Amino acid sequence: MTILITGGAGYIGSHATAIFREKGYDVVVVDDLSKGHRAAVAEGAKLYVGNIADKAFMDTVLCENSVDAVIHFAAYSLVGESMQKPYEYYKNNVAGSMELFESLVRHGVKNIVFSSTAATYGQPEDGIITEKTPNSPINTYGETKLAIEKMLKWYNSAYGLNYTALRYFNVAGAYPDGHIGEDHHPETHLIPIVLQCAAGKRDRMKIFGGDYPTKDGTCVRDYIHVCDLISAHELALKHMLETGECGIYNLGTGGGYSNLEIVETARKVTGAAIPTDIVDRRPGDPPTLVASSEKAETVLGWQRKYGIEDIISHAWKWHSSHPDGYGD
Ligand code: UFG
């Protein structure tokens, strides 16, 4: 079976590419390398460098390969940046996806797994978020992903393009041997920053807000190991191919860790001091985001392998063996 992975040179996409290759799928990667890294793409995957919105380029990709299904990761994904650059986020995420879907329809590709986000929920009342929690994004990024989910619904009814949207909570960790991992420029995510501090690449780090209504006053997030996340993609794809059903699923763990608990776990894993300063809140951060993944567990049979210590120690393997990331 041939899977087209858009954004397959990015953090999550490169893990998907590696894992799907290992499981014996033929993998075609499309990535414009604006954020991704050539070196992150697993051996044996066929890389096409170009943009999903480029019709002629996508015609070449889809004519040269008989694609059975698509996993669509390619997107801009920084919440803060999305607030400064709505045009870029709508253009790249929404318009880009629309062109991709047109190309899929033109070439008769009927199945897509879409990388969505917890940011579609916005700032829900404290509690565990289910797929029935209302969507009310509080940032442009979440809004663009929700728009794409809705677009998929209409593409399904018009053209029979089956879709599964997976709403990720906080994805972290790395391939367990640390040969691929997270390399963003600039880095804004908590766990990579904590580990850059442990590695001595930063002297200290900031914790944004210490007065939230949470267990220790810092924000609580639901961290999911990137490899567990990808295993859900394979199950979602199989379920969609077998049943023809479209669906939306949360991917998280049902439990959350505060920012200070993450730092404390990283101190334990790395043995480093990791000095922190509690500073003002970061605009747009909800106090708590924790997923119910019961639907993915019951419908897809998804089971997670890794906990928070695995997440941090696998990420640490990557960061400590690649202090400059992919070096590009
Ligand atoms: N944080 C710090 N210091 C830092 C960086 C982050 O205290 O230097 C805090 C943030 O304020 C937040 C927590 O760590 O409280 C997690 O922040 P991240 O930036 O790591 O992740 P977010 O929860 O903001 O966002 C992530 C993904 C988004 C996705 C969202 C869904 O990056 O793409 O989860 O919940 F939309």
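## Around the ligand

A backbone N or O atom of Phe 208 sits 2.9 Å from an oxygen atom of the ligand. Keep in mind that this is a predicted model. Lys 206 also uses its backbone here: one of its N or O atoms there is 2.7 Å from a nitrogen atom of the ligand. With Arg 282 it's the side chain that takes part, placing an N or O atom 2.8 Å from an oxygen atom of the ligand.

How many residues surround the ligand? There are 20 of them, and the closest are His 189, Leu 190, Lys 206, Arg 282 and Asp 285.

Which residues actually touch? On the α6 side you'll find Ile 191, Pro 192, Leu 195 and Ala 198, and they meet Ile 311, Ile 312, Ala 315, Trp 316 and His 319 of α10. Sorted by class, this contact has eight nonpolar residues, one polar residue and no charged ones.

## Helices α4 and α5

Now look at helix α4 (residues 86-106) and helix α5 (residues 140-159), whose axes come within 10 Å and cross at roughly 20 degrees. Angles under 35 degrees count as roughly parallel, so α4 and α5 are described as roughly parallel to each other. Here, too, the crossing is right-handed.

The contact draws on residues from both helices. From α4 they include Tyr 89, Tyr 90, Val 94, Met 98 and Phe 101, and from α5 they include Tyr 141, Ala 147, Ile 148, Met 151 and Leu 152. Glu 102 of α4 and Glu 143 of α5 are also among the residues making it. By class, the contact of α4 with α5 has 14 nonpolar, four polar and two charged residues.

## Two backbone details

Most residues other than glycine have a negative phi, and most peptide bonds are trans. Pro 186 is found in the loop between β8 (170-172) and α6.

The other detail is at Leu 33, a residue other than glycine with a positive phi, near 60 degrees. Leu 33 is in a loop as well, the one between β2 (26-31) and β3 (46-49).

Conventions. Residues numbered from 1 in each chain as written. Predicted model: local features only at pLDDT ≥ 70, side-chain atom pairs only at ≥ 80, totals over all residues. Heavy atoms only, no water. Contact = heavy atoms within 4.5 Å. Helix = DSSP H or I, 4+ residues; strand = E, 2+ residues; numbered from the N terminus. Nonpolar A, V, L, I, M, F, W, Y, C, P; charged D, E, K, R; others polar. Near = heavy atom within 4 Å. Polar contact = N/O pair within 3.5 Å; in protein donor to acceptor, adjacent residues only side chain to side chain. Axes fitted to C-alpha atoms, helices over the stretch in contact; angles between N-to-C directions. Parallel < 35°, antiparallel > 145°, perpendicular 65-115°, else oblique. Left-handed = near helix turned anticlockwise from the far one by under 90°.
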